[in-house]
Amino acid sequence: MGETGDLVERARDGDRDAWNELVDRFARMVLAVAASNGVRPADRDDVAQVTWLKLAQNLDRIERPDAVGAWLAMTCRHEALRVRARGAREIPVEDEAFARLADDTDVEDEALRSIPDNELPAAFAKLSDRCQTLLRLLLLERPYSEISEILGMPIGGIGPTRSRCLDKLRRLLPNASGITRSSKDS
């Protein structure tokens with residue numbers, strides 16, 4: 001076993017100096033991997049921190065201690081891609097937009113109020129029974145496991161089905177303003 005593998009083994013045994021040596025040895029590489037995968041400078045430290053946290057959580061599972069550098073690079077790359085994907089779903093809003101909102105404004109409530117009272121129930125009634133049941137259960141914050149059992153669908157299918165049902169509902173609400181897709185729906 002090489003020097004890096006020895007550091008990993010010692011870190012597994014709780015040797016803080018070995019852990020610090022690993023961080024010193026690979027910290028710049030982790031930040032470089034984050035940068036090379038398009039992570040904004042403001043997010044690179046967060047990506048690095050998550051990468052190190054995952055190493056700490058999985059230190060006992062590293063099968064090839066000498067290859068911990070490759071493990072860190074791969075983990076950092078995955079985290080970088082996750083952060084970039086999350087950033088792509090965010091819609092930048094200028095600070096002035098928030099300044100125009102009164103502190104006690106509930107944006108969701110404002111959007112819902114923009115829908116004429118009779119349109120939402122009518123549009124909801126036009127959805128399939130399955131969509132209505134799914135949206136009701138989600139509104140009641142039922143666990144996915146329970147929803148899966150009630151609707152007979154895999155847990156992994158709940159999110160995409162929810163998104164399709166909300167898309168249908170949006171299309172049925174032509175007069176609703178301010179209702180747009182949220183990042184949770186994509």
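Not counting residues up to four places away in sequence, Glu3 touches Arg25 and Asp66 (contact means heavy atoms within 4.5 Å). Residues are numbered from 1 along each chain as its sequence is written, and side-chain values use heavy atoms, with hydrogens and water left out. The model is predicted, so local features need pLDDT of at least 70 and side-chain atom pairs count only at pLDDT 80 or more, while totals for chains, interfaces and linings use all residues.

**Exercise 1.** Work out where Glu3 sits and whether it is buried or exposed.

*Solution.* 
- Start with the helix: Glu3 belongs to α1, residues 3–12 (helices are DSSP runs of H or I, at least four residues, numbered from the N terminus).
- Next, the surface: Glu3 has a relative accessible area of 56%, so it is exposed (over 50%; buried is under 20%, partly exposed in between, with a 1.4 Å probe and protein chains only).
- Last, the C-alpha distance: Glu3 and Pro65 are 62 residues apart along the chain, with 9.6 Å between their C-alpha atoms.

**Exercise 2.** Check the confidence of the chain.

*Solution.* 
- pLDDT (the predictor's confidence in each residue, from 0 to 100) averages 84 for the protein chain, and 80% of the residues score at least 70.
- Over residues 181–186, pLDDT stays under 50.

Definitions and conventions:
Helix = DSSP H or I, 4+ residues; strand = E, 2+ residues; numbered from the N terminus.
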